[in-house]
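Trainee: I have just opened this entry and would like to work through it step by step. Could we go over it together, starting from a single residue and moving outwards?

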Protein chains: 2
Amino acid sequence: MVKPFWEKRRRGTVTTPIGFYASGMHCGIKKKKHKYDVSLIASGTPCVAAGTFTVNRVKAWPVLYSMKTIHAPKHRAILGSSGNANCMNGPNGKQAVEESVYELARQLNVTPEEILIAQTGLIGVPFPVTRFKRAIPKLVKRLSEDGGLRAAKGIMTTDLSVKQVALSFFLGDKKITIGAVAKGAGMVHPNMATMLCFITTDVAITKPLLRRAIRHATDDTFNQMAIDNDMSTNDMVLLLANGEAKNNPIQKIDKDYRMFREVLEEVCRIMAYEMVRDGEGVTHVCTLRVSGAKNPTEAEKAARQIANSMLFKTMLAGADPNWGRIAAAVGASGITLNPDHLNISFGSAAVVSHGRLRVLNLPKARRILQRKEYTIDVVIGKGRGRAQFVTSDLTTKYVLINSSYS
Amino acid sequence: MVKPFWEKRRRGTVTTPIGFYASGMHCGIKKKKHKYDVSLIASGTPCVAAGTFTVNRVKAWPVLYSMKTIHAPKHRAILGSSGNANCMNGPNGKQAVEESVYELARQLNVTPEEILIAQTGLIGVPFPVTRFKRAIPKLVKRLSEDGGLRAAKGIMTTDLSVKQVALSFFLGDKKITIGAVAKGAGMVHPNMATMLCFITTDVAITKPLLRRAIRHATDDTFNQMAIDNDMSTNDMVLLLANGEAKNNPIQKIDKDYRMFREVLEEVCRIMAYEMVRDGEGVTHVCTLRVSGAKNPTEAEKAARQIANSMLFKTMLAGADPNWGRIAAAVGASGITLNPDHLNISFGSAAVVSHGRLRVLNLPKARRILQRKEYTIDVVIGKGRGRAQFVTSDLTTKYVLINSSYS
């Protein structure tokens, strides 16, 4: 394996890039006092911002607000909260967003358009706006260079582990850092799966290129993970770039842009992988690679069908190399296919070669599926289209978590 | 409720229509000697036939054979088997189909084109053609007017209950009967879910109209049930009509045709419902009705998204009226939607009215979801498009059945 040109920062988080400050605390949206439920990430200087938002037709109030303000020329802060999705709760929800953003803007001495907001939690519940607003001055006061971990905690719901990372690389002699915190797509009890990711970077870049980079990075990472194929009303990825690394600003699609994009994609990939690994009831994480499809679209179609198949996912839970379920899912995806050209490998165990079972490799395949993490390769044998998905098993624990209410 | 114009026949099955004979037995495809694994249904006189076949790109050998012979002008018999899907097992599988169909044609003194064949079971396993062929003379010899139940048993896999039905109605003074046997879409251990349904009728009808009727009937029934959203390599619905009822032959789309189609659809609906009820680990059966969509296509899109959502299905398992999961699934389907016009009812409990939660109805909704069978209504509030799906809950038992191998 080639050594990457970026470096993983120890305890890296959103405050690792220069000039970012963060805080997080409990304000009372969640009942348990030891659980954080609000986060703030802010930059000392103005940033350009970009984001991707859920395409669900039902959108939470914070999504509607941030989709509007993301077009502003500059931004200063991301306000996050957990425990209440602020969705389908009527005009109260809209007002909650507006009042709290206004309060934060006043505290930071910026305009409300410079604030982005993301929330996650229960749908259809009135938002406790008073508690939330009361927390804002405290969040601002507590902003600090080591507040990244607390900001990560403030957006967690059923996540078992904190998700944060920072990677650094050089553009010329300037060290660029990209940091992130995220909450998982494991379902938010009791309503739904929300995926949030806040990314900060000190790179100097134009807004259009930042937007281009984040779209590309999310397409290949967050949009290609499959836990339960449900799309949340609150999903959001937000990215702030403040230029404090003082590099030559990235203004066109050149080598610098490509390096930045590659590291950004790696940050997103790490966060997406952590989310799948931390998904509810997950005991196996599978990187599913489809290649040899007629084109990339067909590869993605096949990968999505396999990754979201309940038969496939229960098979992973049982560490059982039932390759027939993979073949059937590929067929069900409707892509161009000759079953006689199909190859399926579990890790290094080639179980199907040119459409025929290699029985002797089944025991090895079974051993590989017993590992916590592995790769499954499906080769279509039609062309050069490739796609990759990160997916997990479907366990009885997932069902138990998601069918109980109390 | 209006009394239907058809009558349900006691112990009705494929041999209830005049002139049909059936048999079923153990031949050795399955290991356990008390398990039937072959079925034969034959008519004393030539039939017109129609069928619908899996659209999976990977198709089992019997599917490829029957898709070809279904175009023949007349048919005499349907040969079925279980325990081996006869799929992705190389030229041996093709030969197995050809040899056994040839043998059956010889025994019945008809041409091989007059035979239809359907199989279900494990993928990728060599087919035990000798045992299968040896059973054929016995199956022919045992054909009888009360062999319907044995034919139903010969195609069962993980089904817990036998699925058969017959409905009768009058066209003029002639009594018409439609009978059916089926095997469920609950997954075939250990490889996949296959749905088979063999239908017989003594109506006199032209082949093009028979084809039209079966397509219409399957679209509204088998294609609208959702257990695990996986499509088998072997799915098949076959229909034989021998004209023995001596009615005025149905030759155009008139009142007689519509009555026949309606009863045929009812037969398919009963079989589909039985399949869902008998799905692996199923404890609740939900009839999901979406109405008020912009058009029928959008209604179906929303219904499919809800019915196949793992979050929705685990919610049913827990008898928990988490309406937010339904709203999110409707949104994720991408249909035209104003969340403020959405209505959701669990049975008679209206939980969401015009996008707002009616908290007081939640306890009633919870009681309704504890029943074994109920209806959930989702009203979009955009137009007159309707769709209906039969779906089931996702239980820990489903996961256990489908993740274990031994």
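Trainee: In which strand of chain B is Val352(B) found?

Mentor: This is a predicted model, in which local features need pLDDT of at least 70, side-chain atom pairs count only at pLDDT 80 or more, and totals for chains, interfaces and linings use all residues. Residues are numbered from 1 along each chain as its sequence is written, while chains are lettered from A and ligands numbered from 1 in the order in which they are written. Helices (H or I, at least four residues) and strands (E, at least two) are DSSP runs, numbered from the N terminus. On that basis, the strand of chain B that holds Val352(B), covering residues 349–353, is β15.

Trainee: Is Val352(B) buried or exposed?

Mentor: A residue is buried if 20 or more other C-beta atoms lie within 10 Å of its own, exposed if 12 or fewer, and partly exposed in between, with C-beta atoms placed from the backbone. Two residues are in contact if those C-beta atoms lie within 7 Å, and Val352(B), leaving aside its neighbours within four places in sequence, is in contact with Trp323(B), Leu342(B), Asn343(B), Ile344(B) and Leu357(B). Because 24 other C-beta atoms lie within 10 Å of Val352(B), the residue is buried.

Trainee: How far apart in space are Ala60(B) and Gly124(B), C-alpha to C-alpha?

Mentor: Ala60(B) lies in the loop between β3 (38–53) and α1 (61–69) of chain B, and is buried, with 30 other C-beta atoms within 10 Å. Its contacts, leaving aside neighbours within four places in sequence, include Ala85(B), Cys87(B) and Thr233(B). Although Ala60(B) and Gly124(B) are 64 residues apart in sequence, their C-alpha atoms are separated in space by 9.7 Å.

Trainee: Which element gives the most residues to the side of chain B that touches chain A?

Mentor: On this side, 50 residues of chain B are in contact with 50 residues of chain A. The elements of chain B that give two or more residues to it are α8 (310–317), α9 (323–332), β16 (356–357) and α11 (396–403). With eight residues, the element that gives the most is α9(B).

Trainee: How many residues of α8(B) are buried?

Mentor: The buried residues of α8(B) include Met310(B), Phe312(B), Lys313(B) and Ala317(B). Just after this helix, Ala319(B) takes a positive phi of about 50°. The helix α8(B) is largely enclosed by the rest of the structure, because the number of its eight residues that are buried is eight.

Trainee: Which residue of β18(A) stands opposite Leu288(A)?

Mentor: Two strands pair if DSSP finds at least two bridges between them, and strand β13 (residues 285–293) of chain A pairs with strand β18 (residues 385–392) of chain A in the antiparallel sense over seven bridges. Strand β13(A) is also joined by seven bridges to strand β17 (residues 373–379) of chain A, and those two run parallel. In β18(A), where six of the eight residues are buried, Val290(A) has Ala387(A) as its bridge partner. The residue that stands opposite Leu288(A) in β18(A) is Phe389(A).

Trainee: Is Lys246(A) buried or partly exposed?

Mentor: Lys246(A) has its place in the loop between β12 (236–241) and α6 (255–277) of chain A, and its phi is near 60°, a positive value in a residue other than glycine. Met88(A), in the loop between β4 (75–84) and α2 (91–108) of chain A, also has a positive phi, near 50°, and counts as buried with 26 C-beta neighbours inside 10 Å. With 14 other C-beta atoms within 10 Å, Lys246(A) is partly exposed.

Trainee: What distance separates the centres of domain 1 and domain 2 of chain A?

Mentor: The secondary structure of chain A comes to eleven helices and 18 strands, and of its 406 residues 61% count as buried. Domain bounds come from an automatic or database domain assignment, which for chain A gives domain 1 (7–277) and domain 2 (285–403). Taken over C-alpha atoms, the distance that separates the centres of these two domains is 33 Å.
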